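Take a first walk through this structure. Keep the sequence beside you as you read.

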Amino acid sequence: MKRRPLILVTPSTDDGGTEFDDQSISLSNRYSDAIIAAGGLPLIFPATTTKPIMAEAVRRCDGVLMTGGDDIDPKLYAKNLPEKLAKKVGPIAPARDIWEPGLIAEIFSRNKPLFGICRGHQMLNVALGGTLLVDIPSQRPESLNHGRMDKKAEPVHEVTIDPGSLLGKLTKRKTLGVNSTHHQAIDKLAPSLRMVATATDGIIEAVELKNAARRPFLLGVQFHPERLFDSNGVFLRLFKQFVQACGPRRRSL
Ligand code: MN
C-alpha cells in the first residue's frame, strides 16, 4: 500500500479540556478531513516550546499545515501598540506563539513543504519579519467585511490571483470567490514573501516565497480552503498539490 505523506497539523489551544479541564487542543476536523481527502495522513501535534521536540517533529514529518485560530500576540510584530488597537486583539495563545515560529525556522532549515491557512498564513509573514493589521475594521474602515462568520463555507468576496504564481497555476483562475472569517490581515509583507492574491480592497489574501523555485511547496492563504474543498475542486487541488509535494517524488508545476 502506498505510504501517505505524514502531515504535522498545528491545532489551537483550549484552556479547558473535555476530560480534565487541562490545557488541551482544539481543531476543526475539516483540516484533517482535507488532508485525508488529498492523500495525506494528519498528525495533530499540540504546541510545545521545547526546541529539540520542534526539531524532531519537523524532521519526522513530511510537511506542516498551520491552521487558523487565535490572534497572534502583537508583541511578535509591533512595539507600543496604541491602546485603542490593543483592545481589538482577541484571545492569544502564548505557547502556540512560540511553537509555530520555531516550527517555521525548522521547516526552512530542513526544506519541508508548508501550507499556512488564515492564522498560519499570518504567522508565516510574522515569522519572516512582516507585520499584521491588528484589526481591519479599525485600520482599514473602507475595506470589505472580511469577518463573515455567518458564511464560513461560502464564497463571500473575490480575490485576484497572480497567474504566474503557484496559486495561479494550481487554480488556473485569475479571480476566485473565497470565504472570509478574519479580522486581521498581513500589513507589511515580509521581505522574502510576495503577495499572489488580493481582495478588491487590497487586503492580501495569499503569499508565496519570492524565490519559490529554490524551495518545495510554500503557500499561505487568508481564506479557508478546508471548508470549501468538498464543494469546489479548486480548493481540494491546493491540498492535493501540498500533500503531493510532501511525498517522495517532489513534482514542481
Ligand atoms: Mn478575506
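Predicted model: local features only at pLDDT ≥ 70, side-chain atom pairs only at ≥ 80, totals over all residues.

Residues are numbered from 1 along each chain as its sequence is written, and side-chain values use heavy atoms, with hydrogens and water left out.

Start at the metal. Which residues coordinate the manganese ion? They are H146 (ND1), H157 (NE2), S180 (OG), H182 (NE2) and E205 (OE), at 2.3 Å. Donors here are N, O and S atoms within 2.8 Å of the metal (3.2 Å for Na, K and Ca); water is not among the atoms, so sites may look incomplete. Along the sequence, the donor residues follow the spacing H-x10-H-x22-S-x1-H-x22-E. Helices (H or I, at least four residues) and strands (E, at least two) are DSSP runs, numbered from the N terminus. H157 is buried because its relative accessible area is 7%. H182 is buried too, at 4%. Buried means under 20% relative accessible area, exposed means over 50%, and partly exposed lies in between (1.4 Å probe, protein chains only).

Now turn to helix α4, residues 94-110. Its 17 residues, at 1.5 Å a residue, should span 24 Å. The end C-alpha atoms of α4 are 25 Å apart, which agrees. The expected span of a helix is 1.5 Å times one less than its number of residues. Buried residues in α4 include R96, D97, W99, E100 and G102. L103, I104, E106 and I107 are buried there as well. What covers them? The cover includes β1 (6-10), β2 (12-14), α2 (51-60), β5 (63-66), β6 (114-117) and α5 (119-127). Just past the end of α4, N111 takes a positive phi of about 60°.

Helix α8 (233-246) comes next. Its 14 residues should span 20 Å at 1.5 Å a residue, and its end C-alpha atoms are 20 Å apart, which agrees. α8 is mostly covered, with 10 of its 14 residues buried. Among the buried ones are V234, F235, L236, F239 and F242. At the N-terminal end, N232 caps α8: a side-chain oxygen of N232 lies 3.0 Å from the backbone nitrogen of V234.

Leaving out residues up to four places away in sequence, F242 touches I7, I35, G63, V64, L65, P113, L114, F115 and F217. Contact means heavy atoms within 4.5 Å.

Next come the charges. The whole structure holds 12 salt bridges. A salt bridge is a side-chain nitrogen of Lys or Arg within 4 Å of a carboxyl oxygen of Asp or Glu. One of them joins R119 and D97, with the closest N and O atoms 2.9 Å apart. This pair links distant parts of the chain: R119 is in helix α5 and D97 in helix α4, 22 residues apart. Both residues are buried. Elsewhere, K87 and E83 meet in a salt bridge at 3.9 Å, N to O. K87 counts as exposed because its relative accessibility is 67%. E83 is exposed as well, at 58%. R148 pairs with D150, the closest N and O atoms being 3.1 Å apart. Salt bridges that share partners join R96, D97, E100 and R119 into one network.

Finish with two single residues. G247 lies in the segment after α8. At 10% relative accessibility, G247 counts as buried. G247 and L6 are 241 residues apart in sequence, but 8.6 Å apart in space, C-alpha to C-alpha. T131 is in the loop between α5 and β7 (132-133). T131 counts as buried, at 17% relative accessibility.

Conventions:
Polar contact = N/O pair within 3.5 Å; in protein donor to acceptor, adjacent residues only side chain to side chain.
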